[in-house]
Structures are given as structure tokens and as C-alpha cells.
Amino acid sequence: MKFTLRLLLALVSVVLLVAVANVVATRRMLRKLEESRLAGGEVAFAKSIGDKLYRPVVERETSKITDVLFDERRLREDELTYLLVFDDEGRPLAHTFMGEVPSRLASLASRFERETPFRVERVRTEALFVYDVAVPIMEGIQQVGSLHVGVSGDYVEDAIRAASRHSMAITLGVTALGVGLALIVARGVTSPVRKLARATARVTAGDLDTTVDLSGNDEFGQLAQSFNRMVENVKASKVALEAAMREAVAHQQQLRQLLDSEQALKQALSQKLTEAEAREQELAEARRAADTANRAKSTFLASMSHEIRTPMNAIIGMTGLLLDTPLSEQQREFAEIVRVSGDSLLTIISEILDFSKIEAGRLDLEEQAFDLRDCVESALDVVAARAAEKHLELAFLMDAHVPGRVVADPTRLRQILLNFLSNAVKFTEQGEVVVSVTSRRIVDESPAAHELTFAVRDTGIGIGESHVGRLFQPFSQVDESIARKYGGTGLGLTISRRLAQMMGGTAWVESEVRRGSTFSFTVRVREAEGTRPACEEPEQPHLQGKRILVVDDNPTNRKLLSIQTRSWGMAPVAVESGPAALDLICKGEPFDLAILDMQMPEMDGVTLAREIRRHRDATELPVAMLTSLGRRDGDADAIQFAAFLTKPVKASQLYNTLVRIFAGGSHHAPLQTDATANEARTEIAAEPLRILLAEDNAINQKMAILMLQRMGYRADVAANGLEAIDALQRQPYDLVLMDVQMPEMDGLEATRRIRHELPADRQPRIIAMTANAMQGDRELCIEAGMDDYVSKPVVVNELRGAISRCRSRLLTHDTLGTVPDSASPVHTPPPDAELPLLALEPAAFVRLRATLGDDADQVLPALIDEFLREGPRHLGVARSALEKGDTAELCRAMHTLKSTSATFGAMKLAAVAREVEEAAKAAQLAGLEAMIARGLIEYERVKSALIAQRGTM
């Protein structure tokens with residue numbers, strides 16, 4: 001019922017709103033209609049009066065105008081409120097008002113345009129409500145005044161109200177009809193709704209058999225059908241719910257049973273936990289046992305490494321000494337076999353031990369700065385002899401963007417590279433082996449980091465796709481048959497990949513059967529600071545613009561030489577054969593130098609050089625020869641060659657040779673032959689000495705080894721006192737050249753231990769080599785057990801005299817520890833006041849050249865580069881040690897700098913280093929920072945002088 005009332009009220013409200021809206025609209029419409037009527041009828045009425053008035057208006061006959069106005073108003077007294085005439089200037093002339101014209105009406109006077117010949121305006125004031133109809137009074141086309149007719153507003157409103165009442169009646173009839181219709185509609189809508197409401201109430205009470213019967217397919221019929229389906233669904237859900245409740249009761253019973261079982265399980269779990277704890281204790285014991293076994297394994301590996309390497313080094317060392325003695329041809333062959341087999345066995349042992357260390361996680365990498373090119377070239381040197389025996393070409397290409405000095409582990413890097421090179425040479429019977437190095441800058445790391453990619457390409461037997469996957473597996477080889485041609489442990493590639501991974505990279509191979517292989521690996525390194533070697537400087541005034549002819553049948557060698565010489569500003573022309581080179585020369589092509597390969601088809605290097613000499617002499621066109629290691633044609637010495645270059649050509653070797661040729665050096669210096677070298681060794685050939693050099697500084701090592709080689713001796717090298725003791729325990733030496741100041745263990749302590757630990761028949765003669773030349777330093781060396789004393793920089797004659805005295809004592813079994821009166825004099829550097837103003841003492845540089853002899857131009861640039869790299873490092877170490885108060889480290893750095901500076905005649909720098917060293921020994925650190933700064937300034941002077949000196953070589 002409530003719904004019906006609401007629906008009815010809503011319908012009535014809508015009908016009433018429509019009626020009211022209709023009345024309002026009707027009134028507005030009627031008002032517009034009346035105004036339109038006025039615009040039509042009243043305007044015409046006003047114009048008719050205006051036609052009568054134009055003459056009186058023109059003549060200003062006010063009485064006539066008034067009479068006309070009153071006559072016209074009487075005719076329509078009920079409708080008209082006023083008649084009003086204005087002249088052409090808007091002043092009232094006549095009107096029907098009893099008094100004055102109201103101001104509101106006076107303001108209506110206006111002129112009319114041609115486009116608006118009349119105007120109707122509604123005027124309402126407190127005393128007046130009219131519709132003002134205004135028309136112009138015309139004389140021809142000229143307006144002479146205006147007529148205003150005031151139609152009563154009440155008259156108009158009465159007409160509107162009458163029309164509105166009529167409209168209202170119609171609206172009420174329509175409203176009544178709408179209400180009736182609304183009642184009928186409400187009854188038709190509410191009846192089915194009431195039925196649904198009653199049915200819903202019964203269902204809510206629990207009577208699920210209730211249904212609603214509404215015939216028809218309208219919305220109510222569909223609603224009734226949906227309601228009935230809903231009731232059926234509720235009934236089915238009720239049945240399902242009752243079944244679920246029965247199941248829940250059953251589950252509850254099962255849950256009680258499970259709770260009972262849980263108690264039993266808890267007891268069993270507690271027992272299992274007890275057993276697990278016992279097993280965990282057993283595992284812990286097993287883990288401790290495994291750790292103990294692992295430590296024992298590591299200890300065993302370290303011990304085995306020492307125990308196995310020691311006799312193997314002894315075998316190799318003694319075999320080397322044996323080869324230096326007079327032997328028959330058969331004995332020499334046997335000794336060579338023993339030496340080669342020892343090297344192979346040592347390599348196998350090293351691989352097994354390295355693999356074991358890697359597997360145990362005990363292999364540590366070092367971090368140190370080194371020259372990358374030297375590292376690669378040293379690996380090439382190892383395989384150069386074997387490659388020359390097989391007539392293989394070795395080449396090395398390094399991209400221009402690769403940093404020269406890097407920080408990494410040079411030993412492990414060289415180990416990977418050497419393994420790949422050895423395999424390439426082993427499995428290649430003809431063709432070439434090429435090493436290339438490229439670099440990629442890692443931009444998100446600081447300091448500057450690079451990923452280096454090394455590739456070793458060969459033209460060997462190649463590897464099939466089915467075997468490539470086994471290459472990097474431990475103890476795996478491509479050919480695993482008993483009758484395989486190539487031996488090995490199968491560990492080299494595995495170790496190489498593991499090492500590359502430890503260094504932040506990886507290793508892989510690309511190969512094709514009978515076409516060759518390319519073994520590649522990557523490592524991550526940091527760019528190191530340091531002075532660039534002369535061969536890496538782009539500006540080379542002595543080489544700039546020189547035209548060079550390169551003749552080599554191998555395209556890789558031609559490319560290598562072309563790239564390297566072009567980087568120095570030279571203009572290379574590369575050809576692949578002798579006839580092609582002769583054709584250029586015969587055409588008159590100008591060349592400053594020709595580099596010829598010794599072994600070429602059609603025409604070898606010597607034949608080509610002989611043909612070149614027919615056209616151009618040695619002064620006009622110097623010729624350099626490229627030879628494999630140990631291969632030199634017998635006729636080569638008969639031709640004036642400017643130089644011989646050994647393959648693979650090193651950048652520094654090529655640079656030094658070119659600079660020597662173009663910077664004023666002799667183009668035709670006599671080449672040292674094997675006979676010349678044998679003559680240098682004639683004096684001591686019958687009385688060889690086994691010499692050990694204990695020296696930590698690389699420059700001093702090279703200098704001492706070169707001096708010994710010139711005197712016909714070979715020497716093993718130890719970097720500190722500990723290594724020297726280990727070497728002496730491993731094999732006997734006749735003579736030890738012992739530096740006094742070295743890291744880890746200095747020469748004095750090493751000498752004391754040697755005298756104390758070695759038996760009398762194993763005691764060597766020991767010669768001290770030190771830059772200390774103060775009073776009392778020689779006494780310290782003698783007290784430690786040394787036999788002789790030479791000061792740095794070492795002079796060849798003084799070293800030869802000390803060795804000669806030691807050799808004579810060995811032959812006569814003199815008592816150890818006595819020093820004859822003729823011992824080498826101590827050369828004390830002059831005080832600062834006596835030092836020359838030059839950065840380098842000329843006499844010292846002359847002595848250095850005399851010491852190096854014929855090899856000076858070849859060796860001096862490398863020694864200068866080494867000094868320029870190490871000098872700033874020693875000064876930096878000194879400054880850092882001063883900040884930390886580490887006087888021992890400060891003394892070592894200054895001692896080394898003093899020694900190497902004096903070697904090159906930088907006596908001023910050596911004096912500064914000596915002053916700092918002495919002050920540090922006395923623990924007088926005040927003012928040392930200023931002295932080190934003075935050393936930096938002096939080093940820059942020395943650097944400039946050395947670079948200038950190097951440019952003249």
C-alpha cells in the first residue's frame with residue numbers, strides 16, 4: 001500500500017509540475033502575442049494619427065495638434081492612456097495629460113532610423129503601466145517629430161489573464177486525467193509486487209515450497225520465474241548444507257582421532273630430533289676431519305711443490321752446467337735429452353700442482369704493475385726457438401688503445417699465454433702463430449679498468465666440433481688413444497681457463513679441422529701509471545717521414561711492421577716478394593731503409609740484398625735482415641747489413657734498431673759472431689764458475705748479468721736473501737754477488753745464515769755489492785762473513801778483479817773471510833759541493849757505455865725506460881713510508897734510488913737519496929719531506945736529460 005501511495009504521489013507531482021510549467025509558458029506566449037499585436041495594430045493606429053499631424057508639427061501649431069490628440073483618444077478612452085507629440089529635437093509639443101509630461105515619458109523622445117520605422121517599449125512606474133508605441137512624424141523623407149501612443153498595460157494584462165484562466169482549466173483537466181491514469185498504472189504495478197513481497201516473507205519464514213504465479217512474459221513474469229528458481233536453489237543449498245554438516249560431524253570425529261595420533265607423532269619426532277642431533281655431531285666431526293685433511297692436503301702440496309721442484313731444478317741446473325763443460329757429441333746429446341726431459345717433467349709437475357691448488361682454493365693472485373708488451377714478448381721468447389725449428393712465423397699485434405702498463409698478476413697472465421702459444425706451436429707444422437691483444441674500457445669502474453682480450457691464432461691441424469667441448473675439461477685430450485701423436489697431461493687448458501676466470505674473464509676456442517684454431521681469453525686489469533717506453537711515444541723526430549721498404553712473404557709480418565712503423569710517423573711500403581721489391585727499386589722509388597725477410601720463396605733475403613747492392617750502396621739504402629731465432633745464412637756477413645732482427649720482432653728491438661740507423665749510429669757496425677763470443681770466453685773456459693746474483697732491483701740485475709755475460713759467465717738470479725739461501729740449499733754455487741739492502745731479508749743477514757747453515761764444503765765466496773760507501777760499511781760486510789766488496793755503480797774492471805780474486809782463492813783453497821789489501825777500493829760519492837751542475841755526469845755515462853760495450857745502443861734505451869718507470873715509484877714509496885713513520889721502507893727506497901741514479905751518473909739525485917737514507921737510519925725525520933720534494937725536482941731534471949740522451953741512440 002505504501003508503495004502505491006508513493007507511486008501515486010510521484011505521478012501527481014509530475015503532472016502538477018507539468019501543469020504549472022504549461023501555465024507559465026502560456027503566459028509568456030500570450031504576452032509575446034499581445035506585444036506582437038501592439039506592434040501591428042497600434043503602430044498602424046499611431047501612423048494614421050502621425051499623417052494628420054505632420055503639417056501642424058512643421059508649423060508648430062500646438063492647438064491643432066492638441067485637438068487632434070484629444071479627438072483620437074476619445075475614440076479609445078479605455079485602451080489609450082496618453083498621446084504625446086515631440087518635435088525633431090525631442091521637446092514635447094502637445095499631449096493629452098492634464099499636467100506636465102512625466103520625466104520617464106519625456107526621456108522616450110528619440111529619432112528613428114530608416115531601418116527602424118517604429119518602436120514598442122514597456123513602461124512601468126509607480127503611477128504608470130503602459131506599452132509605449134512610438135512612430136516618426138515625417139515630411140517627405142525628413143523626420144519633423146515623433147508620436148507616442150500609450151496603450152494601457154491593464155488592458156493587455158486582462159487579456160493575458162483571461163487566456164491564462166482558459167489554459168489553467170485545460171491543464172487541470174489534463175491533470176485529473178493523468179492522476180486517473182496513474183492510479184490505474186499503480187494498481188497494475190503494485191499488485192505483482194505485493195504478491196512477490198508476500199512470497200518473500202513466507203520463504204524467509206522457512207516455507208521453501210512457496211511459489212509466485214504471475215502469467216505473462218513481461219518483466220513481472222520474468223521476475224516471478226527468477227524468484228521461483230531462486231527458491232529452488234535455496235532448497236537445494238539447504239539440502240547440501242545439511243549433508244555438509246553431517247560430514248563436518250564425521251570430520252570432527254576424525255580430528256579427535258588425529259589429535260590422538262599427533263601426540264604419538266610428537267613423541268616420535270622428539271626421538272628423531274635426538275637422532276638428528278647425534279648425526280649432526282657426527283657430520284661436524286666429519287667436517288672437522290675433512291678440514292684437517294684439506295689442510296693436510298694443502299701442506300702436502302706445498303711440501304711436494306718444494307720437494308719435487310728442488311731436485312728438478314737441481315737436475316736442470318746441473319745439466320746446464322754440464323753442457324758448459326767439454327763433452328763428446330754423444331754426451332752432449334744425452335745431456336740435452338736430460339735437460340729437455342727435465343723441463344717437460346717440471347712443466348707437468350707444475351701443472352698438476354697448480355690444478356690441485358686451484359681445486360683446493362689455495363691459489364692466490366698477485367697485484368702488481370708491469371709492462372704488458374714485455375709480458376707478451378717474454379712468452380713469445382720461450383716458444384721462439386721451437387717455432388724456428390719448425391719454420392713457423394711468430395707475430396704479435398697489439399691494438400693502439402691497449403694500455404702499456406697495467407696492474408694484474410703478470411706471472412699467471414704469462415702462464416695462460418704461454419700455454420696457448422705452446423699448444424699452437426706444438427700442433428702447427430707449417431704457417432704461422434699470431435698473438436693479438438685488444439682492449440675494452442670498462443666505464444663504470446675507477447681507477448681506469450680494461451677488459452683485455454688475447455687471441456692466439458695458428459694454422460695447425462684444427463679441432464673438430466665434436467671434440468671442442470672436451471678441451472677445457474681436466475685430464476681430457478682431443479686424441480686419447482694410446483698411440484696418439486701429441487702427449488701432455490690435459491691440464492693446461494683447464495688451468496688456463498680457471499686462471500682467466502679468477503682474473504675476471506674466461507677462455508674459449510674457435511677451430512676448424514685442417515684450417516687452424518684461435519684460442520682466446522679475457523682478463524680484467526687496471527691501468528697503471530708510469531713513463532711510457534720510447535718505442536710507445538707517437539712523436540719520433542728521428543723516424544718521422546722516413547720511407548721504409550718491407551719485404552716479407554708472410555702477410556701478418558707485413559701488417560705488423562707496417563702498423564708499427566706507421567705509428568712512429570714513417571711511410572712503409574710492403575711487398576710480398578723479392579722480385580716485387582726489386583721492381584720498385586729499379587723504378588727509382590726512394591727508400592731510407594729496407595727490411596728483408598731471410599726465408600722467402602723465389603728469392604731469399606740474402607739474394608735480394610745482393611741484388612739491391614747492385615743498384616744502391618749501403619750508404620744510400622741501408623738493409624736490415626729479419627731472421628728466425630738462430631738462423632743466419634753463411635753469406636750474410638759478406639753483405640753490409642745495417643742490422644739483424646730476430647723474429648718475432650719486438651717493438652723495442654725494432655725501435656732501437658731504427659733509431660740507431662737514423663740517429664747517426666753506424667750503419668755498418670760489425671756483427672758479433674759466435675767466434676767473437678767464444679774468444680771472450682777463452683780466458684775462463686777452462687775454469688767456469690757457478691754464480692748466483694742476489695739483487696732486488698731490475699736495472700741492477702740487468703746490468704750485472706750483462707757484465708757477467710761480457711766476461712763469459714752465466715748467473716742465476718735471486719730477488720732477496722731468502723731466495724738466495726733457498727738456491728744455495730738446492731744446489732752449490734762457487735760465487736754469490738750479494739746486494740746488501742734487499743726486501744724480506746737483506747744481504748748481511750743472508751750472509752750470516754749462509755755461513756752458519758751451510759757445511760764447509762758448500763760455502764761459496766760472497767762479494768758485497770752496495771751503494772753504501774761510508775766509513776764502516778765495509779767492516780760490517782766483512783763481519784757478516786763476506787769475502788769482498790764492490791761499490792755501486794759497479795765498474796767492469798772492479799767486478800772482474802773481485803771475481804778473479806775469488807776464483808784464485810777457490811783454486812788455492814784460501815781461508816774464508818779474509819780480505820787482501822788489494823781489495824776493490826771504495827768509491828765514495830763526492831759531497832754536494834763538489835757535484836757538477838749538470839743533471840747527468842758525462843764521465844759516468846761514458847763509463848756506462850764502456851761497461852755495456854757493443855750492446856750499449858741496444859740495451860741502454862731499455863735501462864733508461866726502466867729507470868724512468870722506477871724512479872717516481874721509489875720517491876712515492878719514500879713519501880708514503882715517511883707519512884707512516886716506516887724508516888726501514890724509507891731506507892730501502894732511497895738506497896735503491898741512490899744506486900740506480902749513480903749508475904746513470906745522476907750524482908745530484910744520488911746525493912739527495914743518500915742524505916735521506918742516512919737521516920732515516922738516524923731516525924731524524926724532521927725536514928725529510930722537503931728533501932724528498934727536492935729529490936722529485938732533481939728527478940725531473942734527470943728525466944729530461946735521460947730522454948734527450950736516449951734520443952741520440
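This note comments on a predicted protein model, point by point.

1. Basis of the model. The model is predicted, so local features are reported only at pLDDT of at least 70 and side-chain atom pairs only at pLDDT 80 or more, while totals for chains, interfaces and linings use all residues. Numbering starts from 1 along each chain as its sequence is written, and side-chain values use heavy atoms, with hydrogens and water left out.

2. Overall composition. The protein contains 25 helices and 22 strands; these are DSSP runs numbered from the N terminus, with helices being H or I of at least four residues and strands being E of at least two. Of the 953 residues, 44% are buried. Buried means under 20% relative accessible area, exposed means over 50%, and partly exposed lies in between (1.4 Å probe, protein chains only).

3. Surface and contacts. Among contacts (heavy atoms within 4.5 Å) with a separation of 6 or more, 69% involve residues 24 or more positions apart.

4. The parallel sheet. An open sheet is formed by 5 strands in the order β14-β13-β15-β16-β17, with parallel pairing. Strands β14 (571-575) and β17 (643-646) stand at the edges; each has a single partner strand, so one side of each is left without a neighbour in the sheet. On average, neighbouring strands of this sheet are turned by 20° against each other, direction ignored. Two strands pair if DSSP finds at least two bridges between them. In general, the strands of a sheet pair through backbone hydrogen bonds, either parallel or antiparallel.

5. Strand β16 and its partners. Which strands pair with β16? Strand β16 (residues 623-627) pairs with β17 in the parallel sense over 4 bridges, and 4 bridges also join β15 to β16, again in parallel. Met 625 has Phe 644 as its bridge partner in β17, and Leu 596 stands opposite Met 625. Thr 627 stands opposite Thr 646 in β17.

6. Burial of β16. Because 5 of the 5 residues of β16 are buried, this strand is largely enclosed by the rest of the structure. Val 623, Met 625 and Thr 627 point one way from β16, whereas Ala 624 and Leu 626 point the other way.

7. Helices on the sheet. Helix α11 (residues 555-567) lies across β13 (547-551), β14, β15 (593-597) and β16, and runs at about 170° to β14. Helix α12 (residues 578-586) also packs on the sheet, touching β13 and β14, and its direction makes about 155° with that of β13. Axes are lines fitted to C-alpha atoms, for helices over the stretch in contact, and angles run from 0 to 180 degrees between N-to-C directions. A right-handed β-α-β unit is made by β15, helix α13 (residues 605-615) and β16; right-handed means that, with the strands pointing away from the viewer, the path from the first strand over the helix to the second runs clockwise.

8. Cysteines. The structure holds 0 disulfides, a disulfide being a pair of cysteine sulfur atoms within 2.5 Å. Cys 375 is buried at 2% relative accessibility, and Cys 781 is buried at 3%.

9. Gly 747. This residue belongs to helix α18 (residues 747-757). Gly 747 is buried, with a relative accessible area of 0%. Not counting residues up to four places away in sequence, Gly 747 touches Met 738, Asp 739, Val 740, Met 742 and Met 786.
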